[in-house]
Amino acid sequence: MSFQAYIDNIKTKTGKSPEDFKKLAQAKGFMENGELVKTVKATEITNWLKEEFMLGHGHAMAIYAAFKGKTE
């Protein structure tokens, strides 16, 4: 599955884009000024996405990758 397919599936399932998730991550303190906080571990973010949005591991990792700047 391509990165874009993951993003499209997440948008279909949650109604949220990577930008929407970035805003939520900022509110939770995972990001500051659009950048990941250095002390935040990938597991913290993926666990949040799995618990709050019922994403699978691969989909949660795709959002994490988007947080790190991946676009394709």
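Visitor: What lies 2.8 Å from a polar atom of the Thr-14 side chain, and what makes that a polar contact?

Guide: That's the backbone oxygen of Ile-10, at 2.8 Å. A polar contact is a pair of N or O atoms within 3.5 Å, where, within protein, one must be able to donate a hydrogen and the other to accept it; neighbours in sequence count only if both atoms are side-chain atoms. At 2.8 Å the Ile-10 and Thr-14 pair falls within that limit, so it counts. The Thr-14 side chain also reaches the backbone nitrogen of Lys-16, at 3.0 Å.

Some ground rules: this is a predicted model, where local features need pLDDT of at least 70 and side-chain atom pairs count only at pLDDT 80 or more, while totals for chains, interfaces and linings use all residues. Numbering starts from 1 along each chain as its sequence is written, and side-chain values use heavy atoms, with hydrogens and water left out.

Visitor: Where is Thr-14 found, and why is it called buried?

Guide: Thr-14 is in helix H1, residues 3-14. Helices (H or I, at least four residues) and strands (E, at least two) are DSSP runs, numbered from the N terminus. Buried means under 20% relative accessible area, exposed over 50%, partly exposed in between, with a 1.4 Å probe and protein chains only. Thr-14 comes out at 18%, so buried it is. Leaving out residues up to four places away in sequence, Thr-14 touches Phe-21, Phe-53 and Leu-55; a contact here is heavy atoms within 4.5 Å.

Visitor: How many aromatic pairs does the structure hold, and what makes Phe-21 and Phe-53 edge-to-face?

Guide: There are three aromatic pairs. For Phe-21 and Phe-53, the centres are 5.0 Å apart and the planes make 85°. Rings of Phe, Tyr and Trp (its six-membered ring) pair if their centres lie within 6.5 Å; planes under 30 degrees apart are stacked, over 60 edge-to-face, and the rest tilted. So 5.0 Å passes the distance test and 85° lands in the edge-to-face class. Phe-21 sits in helix H2 (residues 18-28) and Phe-53 in helix H3 (residues 42-53), so the pair ties together parts 32 residues apart in sequence.

Visitor: Which residues does Trp-48 touch?

Guide: Skipping residues up to four places away in sequence, Trp-48 touches Phe-21, Leu-24, Ala-25, Lys-28, Phe-30, Phe-53 and Phe-67. Trp-48 lies in helix H3.

Visitor: What makes H2 roughly perpendicular or roughly parallel to H3?

Guide: Their axes come within 12 Å and cross at roughly 110°. That makes H2 roughly perpendicular to H3: under 35 degrees is roughly parallel, over 145 roughly antiparallel, 65 to 115 roughly perpendicular, the rest oblique. Axes are lines fitted to C-alpha atoms, for helices over the stretch in contact, with angles from 0 to 180 degrees between N-to-C directions. Phe-21, Leu-24, Ala-25 and Lys-28 of H2 meet Trp-48, Leu-49, Glu-52 and Phe-53 of H3.

Visitor: How do the axes of H1 and H4 cross, and which residues make the contact?

Guide: They come within 9 Å and cross at roughly 105°, which means H1 is roughly perpendicular to H4. The contact involves Phe-3, Tyr-6, Ile-7, Asn-9 and Ile-10 of H1, and Gly-58, His-59, Ala-62, Ile-63, Ala-65 and Ala-66 of H4.

Visitor: Where are Asn-33 and Met-54 found, and are they buried or exposed?

Guide: Asn-33 is in the loop between E1 and E2; its relative accessible area is 73%, so it is exposed. Met-54 is in the loop between H3 and H4, and at 56% it is exposed too. Phi is near 55° for Asn-33, positive in a residue other than glycine. For Met-54, phi is near 55° as well, again positive in a non-glycine residue. Most residues other than glycine have a negative phi.
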